[in-house]
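Colleague: I am new to this one. Please take me through one part closely, and then show me how other contacts are described.

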Amino acid sequence: MHTTMTGRQTTVLLLLLASQFMLAIDFSILNVALPEVGAGLGFRPADVQWIATAFALCAAGFTLLFGRLADHVGRRRVFLVGMGVLGAASLLGGLAATPAVLLTARVLQGLATAAVTPAALSLLTVSFPEGPLRRRALGLNSVMMSLGFTSGAVLGGVLTDVFTWRSAFLVNVPVAAAVVVVAVFVLRESAERERSRLDVRGAALVTIGLVALVFAATRFGEHGLADTLAIGSLALAIVLLVSFGLAERQHPAPLVPLALLRRPAVLGGHIAGFTTFAMETGLVFLSTMYLQHVLGLDPLQTGLMLGAMGVGAVIGGAVGPRAISAFGTRTVAVGGLAGQALATVVLLLLGASGSSLWLYGVVVLLGAVPHTCAIVAFMVAATSGLPDREQGLATGLATMTQQVGMALGTPLVSAVATAAGGLASLGALKTGIGFDAAVVTVGAIAVAVALRAAKRAPVAAAA
């Protein structure tokens, strides 16, 4: 079994990691700058949230479709087109003079993310055979995702403070152009393609259903659990996603083969992925509210404090693959979630004075280590035991889990904290933190049960 990367594998890995880092930054780079963006372009206060929501809706809703499309038309092609669209959309956003143009740019950025993320991940998995090399590559990929997400907050604060919010868009343009140029020469198209008919009906049902689900969660987070539009959107999402499940049973080449999700190892991996992404994203949001509203930090100071998570992500990315080799995917997934939950519980000790900053910094750094280990375990479980022609499906599912989790995490914890007294109240924020920890704990238990079943089933355990 090969344990050393070739020169070409190293080049491909660096290219794909750069793209994943860039995409992760895009998710969070505007979070600390939303007030400045809204004021600069004349957004109504109630509409500012759409700068983030428009991106999240498209990134989560279209990921599965683009992941499967990559299996049919080619991952390299989808990757190149997506990166080109991302660069153009970033330029459009940086030059936007009206809210409509900016929101159009965010929609295009979300669509590009939905295309590039699964394509890049499937190109990575087919470039490395299952085993230590793939685990190492997936570990580094997990680092880039977590580090990019937290670095986005830091970079957003720095760029907004030193330059303007427009630089948060424009910084993407040269990076995207460089990635495209290098990718043309470095990436090779997989010879194995999916030849079956694309499940268009299933694609429509799951895409609209996921968009409705994310929209409902966003409305709940902003307007409370009694919001009628949110309730209607949630009902629509349930109907569409149930219809999707029924349609998949009848299609000869379904978008999501249900037998895949019935494999306990794959199911357990996705539960771990959804839980860790959703609740860590929610924790970042609660942290931002705590640091700015309770402690009075500015966007730059807030971004620098959140950077502690990035340090923990680097450590977790190095530890995760080795831990999986030593203890197995199940132990790392469950242990990672348990460690994330424990760190979140400790944050309940935070106070309203600046003396709590050291506690916050240490805890989020340490908590990011098991969080990243859980991501590595999720990626290994979700992409193992499948032929190359189905890697787009596997990575599309994995990316969908990631994006939907990230899109739902913030509105979920926001709704809980808002109901408990508002996002400027320390007590209410602690209620949200407690909810976050409870969800991660339940997720750890569910993963333990699913992966124990996988251990008992030799075929499923291959995943």
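Modeller: I start with a surface patch and a serine, then turn to an aromatic pair and a salt bridge.

This is a predicted model, where local features need pLDDT of at least 70, side-chain atom pairs count only at pLDDT 80 or more, and totals for chains, interfaces and linings use all residues. Residues are numbered from 1 along each chain as its sequence is written, and side-chain values use heavy atoms, with hydrogens and water left out.

Take the patch. Val81, Val85, Leu92, Val101 and Leu108 make a nonpolar surface patch of about 330 Å². Patch residues have over 30% relative accessible area and no salt bridge; nonpolar side chains (Val, Leu, Ile, Met, Phe, Trp, Tyr) are joined within 5 Å, like charges within 9 Å. Areas come from the Shrake-Rupley method with a 1.4 Å probe, and for residues only the protein chains shown count as cover. Helix H5 (75-95) and helix H6 (99-127) each supply at least two residues. H5 gives the largest share, 3 residues. Helices here are DSSP runs (H or I, at least four residues), numbered from the N terminus. Leu108 sits in helix H6. Leu108 counts as partly exposed because its relative accessibility is 31%; buried means under 20%, exposed over 50%, partly exposed in between.

Now the serine. Ser90 also belongs to helix H5. Ser90 counts as buried because its relative accessibility is 0%. Its side chain reaches the backbone oxygen of Leu86 at 2.8 Å. The Ser90 side chain also makes a polar contact with the side chain of Gln109, at 3.1 Å. A polar contact is a pair of N or O atoms within 3.5 Å; within protein, one must be able to donate a hydrogen and the other to accept it, and residues adjacent in sequence count only if both atoms are side-chain atoms. Leaving out residues up to four places away in sequence, Ser90 touches Gln109, Phe169, Leu170, Asn172 and Val173. Contact means heavy atoms within 4.5 Å.

Next, the rings. The whole structure holds 2 aromatic pairs. One of them, Phe277 with Phe378, is edge-to-face: 6.2 Å centre to centre, 80° between the planes. Ring centres must lie within 6.5 Å; planes under 30 degrees apart are stacked, over 60 edge-to-face, the rest tilted. Phe277 lies in helix H13 (residues 264-294) and Phe378 in helix H16 (residues 357-383), 101 residues apart.

Last, the charges. The structure has 1 salt bridge. Arg219 and Asp227 form it through their side chains (2.9 Å, N to O). The cut-off is a side-chain nitrogen of Lys or Arg within 4 Å of a carboxyl oxygen of Asp or Glu.

Key. Buried < 20%, exposed > 50% of the residue type's maximum accessible area, 1.4 Å probe, protein only. Phe/Tyr/Trp six-rings, centres within 6.5 Å; stacked < 30°, edge-to-face > 60°.
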